[in-house]
Amino acid sequence: MTHSEVHSVGRRGDTVLQLMVLAVPVAVTVWLLTLLGPVRAQGALRFGIEWVPSLGVALDFLVDGLSLLFALLVGGIGIFVTVYAAGYLRGHPLLRRFYLYLLLFMLGMLGLVLAGNLITLFVFWEITTLASYLLIGFDHASATARRSALQALLVTALGGLALLVGLVLLGMVASSFDLAAVLARGEQVRQHALYTPIFLLIIIGAFAKSAQVPLHFWLPNAMAAPTPVSAYLHSATMVKAGIYLIARLHPVLASTDLWMWTLTLVGAATAVIAAVLALRQTDLKLALAYTTLVALGTLTMFLGSDDSVAVAAAITFVLVHSFYKAALFMVVGIVDHQAGTREINALGGLAGRLPVTFVAALAAGLSMAGFPPFLGFIGKELKYEGALAIATEPVLVAGAAVFANALMVAVAATVVLKPFVGSRPPALTATREASVSLWLGPLLLAALGLTFGLAPGLLADTLVQPAVTAILGRPETVKLKLWHGVNVPLLLSVLTLALGVAVFVWQRRMRDLLSRAARWLPLSADRLWDGALAALRRGAYLHTRWLQHGVLKGYLAVVFAAVAAGLLWVLVHSGGLPEQLGWPRLTVKEWAALALVLAGTLAAVGCRAPLTAICSLGAMGVGIALIYLFFGAPDVAITQLLVETLFLVLVAMILHRLPLANAVRGPRVRLGHALLASAVGIAVSLAILLVLQQPFGSPTKNYFELAAVPEAFGRNIVNVILVDFRALDTFGEVVVVLIAAVGAAALLGSRRRALSARAQGTRRNP
Amino acid sequence: MKSIVLQGTTRLLVPLLLLFSVYMLLRGHNLPGGGFIAGLIAAAAFILCALAWDIRTARAALRISPARLAAGGALLAALSGVPGALWGNPPFTGLWLFIGGGAGDKGLPLSTVLLFDVGIYLAVLGAVLTLFFALEED
């Protein structure tokens, strides 16, 4: 089969595949739309199955206003992104893998926003983290993509660990992992002594996921992902998972000073810092990524309040932002795809070449900048109204909002105007409009921004109001209107636009100023992260060198020293040493066995040749077998004897092959070994003596003695226990023996192969 | 290190050792013995063979791969636990069948327990030989 044939077969298969993938978000969205009515009527729907009932973990789903809004975003934007990806990744050799990851992400994200159980929520939370890692690193041949993927994974997964602890604590304090039950026990949680750690742990998880300062640095780096992924995960859905969590747990954790101040300050800091950083970027995609940070900071800031207007502003903004940001990401992707660059300075005058894309960009950009009659305008007005309604710090919140929005206006203007108007660089003359699948998504999303801007009532009743009700836990009426009359929010809007236009006009100068300022800044969070990772790696290296040096003697010394120290410590703490023992009365043959043991031991210690030492140890073993035999344990004696024999043969054969030139050691080393050996010997002996002084005879022994013949038809109790009463244990032990033998054989075999390879003169990796 | 004396003695000893191992296996339920001990004795027979000639000879004498023998033994032991579970008892419950019993004599006892012990025997034999044969040098 030739290359082109493979390609065309791939294409035809791809179309079927794309339709199948597209069916998933379409079906999900349709299903969710049918739930709109019931949720509005009943408040919340529940369905699910038991999962781990003993731990109170259920695969349980809760559909209320809040979760439905986020789920619809996941499904709806998912449709547009799937269509877009079909055009963007046309003919990509790893298309199937891409769709697998994308569907995995959809599953995780839907599960996350619909979860009705804290543990279930966490599991889906981690699935989205993993899917994000896979998608950022999709271009796995690029070192940048790999680094970004790992960074995103580590930051969000570390946050995830904090979240897990926080959720478990929350579940314990609320005495249920069921979300509905937890939501109903807010008062109990807030007054609990563990409230502060719970809040901090959960909020760290949310902040890591939603990229709040100082954990924001992974999100701009995540732009290494293909653009459909950036549009979907890293602007419209996954990064809002932290926001969802904050909103979800609002009824439980909010309304404390800690909550309010943390969220307001961190959110404001994120919005302002990211807005400044966004202005610096010359890469369109990066500029958009930083404005996503602005949006996430703004959302956090508003959710710090429990005022209904502020919360309504946050929820409306979630929708507004998802529409225009996903559209703009796709627009930038089209520009990149068709013109081959995303650099502002290399682009211009493409409006005639990409007319449909330009229309989509313009509509989305106007919504982003907050021009009437787009939905963005309503969102912004509501934000200002909400900011002024926040009782504690209206000036701070409103100031941060105005500042961030003004810079958003400038960035929106940059993204929409720079590539499309002005003079066209000669390199771009061959640029042509993209295919339908590429421009359809952004155009429809931008159109939605306009439709809902003209008819905000469509959103207010169906989505925003139920979500706000769910967050605040009390019925709220939310009205969205385009025209509020001349009031403070409108004046702030005018101020925002004026500021934004000014920044846009003076943009180049400001960018120069910012890059000069950046040079004075000693550290960036990204570089700090690299430093931390390098330190971790270095620490791991040193600690591995120190602990896992590969010298067998060293390991044995550590093990024996630990045995001796542990035993002696227990002996001292458990009330000291055994009572004094009398001189034992033994028969001659017992004395003889004892003498054999002692002689074997002394010979093993005294002799220098390893083979002799092993044989002496064997003699000692035989002496011990005799002792077993004299004291009524023939089974153990036979086993001891056989194991001793086989062991001797095995070790002798191994020693035969080892280079033992350095077997003779200096006196100081031998003294150290002697001390260690004596310590282990004394500790074990004392422990055995102490054990023997405990009262003996257990009920199980009596039971086995009585039951062996009538129940198991055997007179050898040891054997009956092994093969009948405790057969499962024996089976486990045999499997262990098997695994040990196979493992040892593999090790010996690999050594043998290496030796024979060396003998043949072929070099292999050591 | 090839010794005619050792080789001659081994020729005599190996069948005796193997027979003895089966004897130890079968009498284990009532007297000292059992699958583990018997497996070690049988392994000793093959190791003796390896010492007298070489490991290749011992491997040939065993005929099948020791790892397979060990795995088969473990499988047999596991399967012997199944019949007990089929009648609603816990797995590894012993089932007994006495053939040809008369007055004062129960007859020939056959049981899943014996099957289990045979499995242990084969598993131990196979495991020890797997380890030992790995010392072979080409």
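**S255(A) is partly exposed, with 15 other C-beta atoms within 10 Å.** A residue is called buried when 20 or more other C-beta atoms lie within 10 Å of its own, exposed when there are 12 or fewer, and partly exposed in between, with C-beta atoms placed from the backbone. The model is predicted, so local features are given only at pLDDT of at least 70 and side-chain atom pairs only at pLDDT 80 or more, while totals for chains, interfaces and linings use all residues. Residues are numbered from 1 along each chain as its sequence is written, and chains are lettered from A and ligands numbered from 1 in the order in which they are written. S255(A) sits in the loop between helix 12 (250-253) and helix 13 (257-280) of chain A. Helices (H or I, at least four residues) and strands (E, at least two) are DSSP runs, numbered from the N terminus. Phi of S255(A) is positive, about 70 degrees, although the residue is not a glycine.

**S175(A) is another residue with positive phi that is not glycine, at a value near 50 degrees.** The loop that holds S175(A) runs between helix 5 (143-173) and helix 6 (179-184) of chain A. S175(A) is exposed, because 11 other C-beta atoms lie within 10 Å.

**Cis peptide bonds join V213(A) to P214(A) and P372(A) to P373(A).** P214(A) lies in the loop between helix 8 (195-209) and helix 9 (218-221) of chain A. P373(A) belongs to the loop between helix 16 and helix 17 of chain A.

**Helix 11 (residues 241-248) and helix 14 (residues 284-303) of chain A pack at an angle of about 5 degrees, with their axes 10 Å apart.** Axes are lines fitted to C-alpha atoms, for helices over the stretch in contact, and angles run from 0 to 180 degrees between N-to-C directions. Helix 11 and helix 14 of chain A are therefore roughly parallel; angles under 35 degrees count as roughly parallel, over 145 as roughly antiparallel, 65 to 115 as roughly perpendicular and the rest as oblique. From helix 11 of chain A come I243(A), I246(A) and A247(A), which meet L296(A), L299(A), T300(A) and L303(A) of helix 14 of chain A. Contact means that the C-beta atoms of two residues, placed from the backbone, lie within 7 Å. The residues of this helix contact are six nonpolar, one polar and no charged. Ala, Val, Leu, Ile, Met, Phe, Trp, Tyr, Cys and Pro count as nonpolar, Asp, Glu, Lys and Arg as charged, and the others, Gly among them, as polar.

**T292(A) is a residue of helix 14 of chain A.** T292(A) is buried, because 28 other C-beta atoms lie within 10 Å. Leaving aside neighbours within four places in sequence, T292(A) is in contact with L219(A), H234(A), S235(A), V239(A) and K325(A).

**Helix 19 (residues 436-454) of chain A has 19 residues and reaches 26 Å from its first C-alpha to its last.** That span is close to the 27 Å expected at 1.5 Å a residue, where the expected span is 1.5 Å times one less than the number of residues. Among its buried residues are L438(A), W439(A), P442(A), L445(A) and F452(A). The cover over the buried residues of helix 19 includes helix 2 (65-88), helix 15 (308-339), helix 16 (355-369), helix 17 (375-389) and helix 20 (457-472) of chain A.

**At the interface, 38 residues of chain A are in contact with 39 residues of chain B.** Helix 27 (634-657), helix 30 (717-725) and helix 31 (727-759) of chain A each give two or more residues to the side that touches chain B. Helix 31 of chain A gives the most, 16 residues. By class, this side of chain A has 26 nonpolar, eight polar and four charged residues.

**E136(B) lies in the segment after helix 6 (112-133) of chain B.** E136(B) counts as partly exposed, because it has 16 C-beta neighbours inside 10 Å. Not counting residues up to four places away in sequence, E136(B) touches I55(B) and R56(B). Chain B as a whole has six helices and two strands.
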